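Thank you for making time for this. I would like to go through one structure with you, with the sequence and the model on the screen as we talk.

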Amino acid sequence: MLEISELRKRFAGGPDAPGGKVALDGVGFSVRPGEMYGFVGANGAGKTTTMRIVMGVLQADSGSVSWDGRLLDYDARRRFGYMPEERGLYQKMRVVEQIEYFGRLHGLSAPAARKATEELMERLGVAERRNDAVQALSLGNQQRVQLAVALVHDPEVLVLDEPFSGLDPIAVDALATTLQDRCRGGVPVIFSSHQLDLVERLCDSVGIVARGRMVASGTVAELRAAESDTLRVVVRDPAPGWADGLPGTVTVNGDRHVLRVSGGDDQEVLRRAMKAGRVEHFGVEQPTLTEIFKEAVA
Ligand SMILES: Nc1ncnc2c1ncn2[C@@H]1O[C@H](COP(=O)(O)OP(=O)(O)OP(=O)(O)O)[C@@H](O)[C@H]1O
């Protein structure tokens with residue numbers, strides 16, 4: 001299990017913030033082997049800082065990170081795969097050399113690095129570009145190479161900072177399938193993302209960070225259970241003011257009025273809706289991760 005516990009980090013202040021800037025104020029969560037963990041939060045919430053501390057790029061003021069019950073050291077981190085936010089490829093190096101080089105850096109023998117590189121280039125769809133310099137690749141292909149670099153040494157843990165940003169749906173699927181395969185093989189995967197629909201689709205668990213603190217963490221089902229369901233009613237061409245006094249909000253889309261209500265008497269809502277016009281839809285909806293997120297960071 002990867003355990004991140006009570007991380008705190010304050011950056012030195014500049015003229016705008018002479019007292020320093022608290023980036024993390026007790027961030028903690030754990031990820032089991034074979035679990036895909038989505039780490040989400042608004043811009044500046046603390047995701048990159050947390051991941052950098054996990055990978056030893058930054059030092060926390062306090063708190064700890066352990067893997068399999070042992071505090072992380074250089075050797076343990078070498079067995080991790082990391083995709084940094086600022087990316088880290090050598091722009092002039094050829095794709096094949098790049099992936100092999102990182103494999104060697106993580107301790108693979110030359111033949112093992114070559115074999116893993118060939119497999120990954122095939123798998124991630126960049127084999128045809130093997131002899132191109134990274135700078136000649138599109139953003140999506142660069143990202144595939146970046147993922148290959150994170151995976152080449154068959155890492156025990158994967159830490160990926162916004163791996164899906166800027167990718168088209170085909171590239172998203174290629175990356176997602178590769179991550180799911182590693183995850184099924186028992187690797188814990190943490191990735192940050194602002195694409196909440198993707199996080200909801202892929203992740204077993206989600207952590208929401210706001211202003212350097214965890215404001216929610218758990219499976220999507222657990223996070224949903226903490227929220228109340230919403231009743232959604234669609235009425236066609238209703239009489240004006242039909243929903244006055246009902247505890248909800250109405251949005252108007254052409255001649256369709258959509259009422260969303262949390263709590264209250266659903267039968268009363270139905271009676272009012274039927275009296276007002278033709279009821280096209282009446283049903284309870286679970287909140288999406290986007291709705292849970294907005295509620296949690298408000
Ligand atoms: N090197 C630094 N020096 C000073 N402040 C920093 C530094 N790095 C990060 N911060 C501040 O720490 C806070 C957290 O930043 P961080 O990059 O971790 O957020 P994030 O959640 O990854 O945001 P984003 O979604 O925009 O990538 C922000 O207020 C940021 O300005």
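What you see is a predicted model, in which local features need pLDDT of at least 70 and side-chain atom pairs count only at pLDDT 80 or more, while totals for chains, interfaces and linings use all residues. Residues are numbered from 1 along each chain as its sequence is written.

The UniProt record, an unreviewed entry, lists residues 2-236 as "domain: ABC transporter"; UniProt positions follow the numbering used here, feature names are shortened, and annotations may be inferred rather than shown by experiment. Over residues 2-236 the chain is 34% helix and 29% strand, with the end C-alpha atoms 52 Å apart. Helices (H or I, at least four residues) and strands (E, at least two) are DSSP runs, numbered from the N terminus.

Which residues are around the ligand? They are Phe11, Lys21, Ala23, Gly41, Asn43, Gly44, Ala45, Gly46, Lys47, Thr48 and Thr49, where near means that the C-beta atom, placed from the backbone, lies within 6 Å. Strand 2 (21-31) and helix 1 (47-54) each supply at least two residues of this shell, and helix 1 gives the most, with three. By class, the shell has three nonpolar, six polar and two charged residues, counting Ala, Val, Leu, Ile, Met, Phe, Trp, Tyr, Cys and Pro as nonpolar, Asp, Glu, Lys and Arg as charged, and the others, Gly among them, as polar.

Now to the helix pairs. Helix 3 (residues 95-105) and helix 4 (residues 110-123) pack at an angle of about 130°, with their axes 9 Å apart; axes are lines fitted to C-alpha atoms, for helices over the stretch in contact, and angles run from 0 to 180 degrees between N-to-C directions. Helix 3 and helix 4 are therefore oblique to each other, given that angles under 35 degrees count as roughly parallel, over 145 as roughly antiparallel, 65 to 115 as roughly perpendicular and the rest as oblique. The contact of helix 3 with helix 4 has eight nonpolar, two polar and three charged residues.

Helix 3 also packs with helix 5 (residues 139-151), at an angle of about 25° and with the axes 8 Å apart, which makes helix 3 roughly parallel to helix 5. Val95, Gln98, Ile99 and Phe102 of helix 3 make this contact with Val145, Ala148 and Val149 of helix 5, contact meaning C-beta atoms, placed from the backbone, within 7 Å. These residues divide into six nonpolar, one polar and no charged.

Conventions
Two residues are in contact if their C-beta atoms, placed from the backbone, lie within 7 Å.
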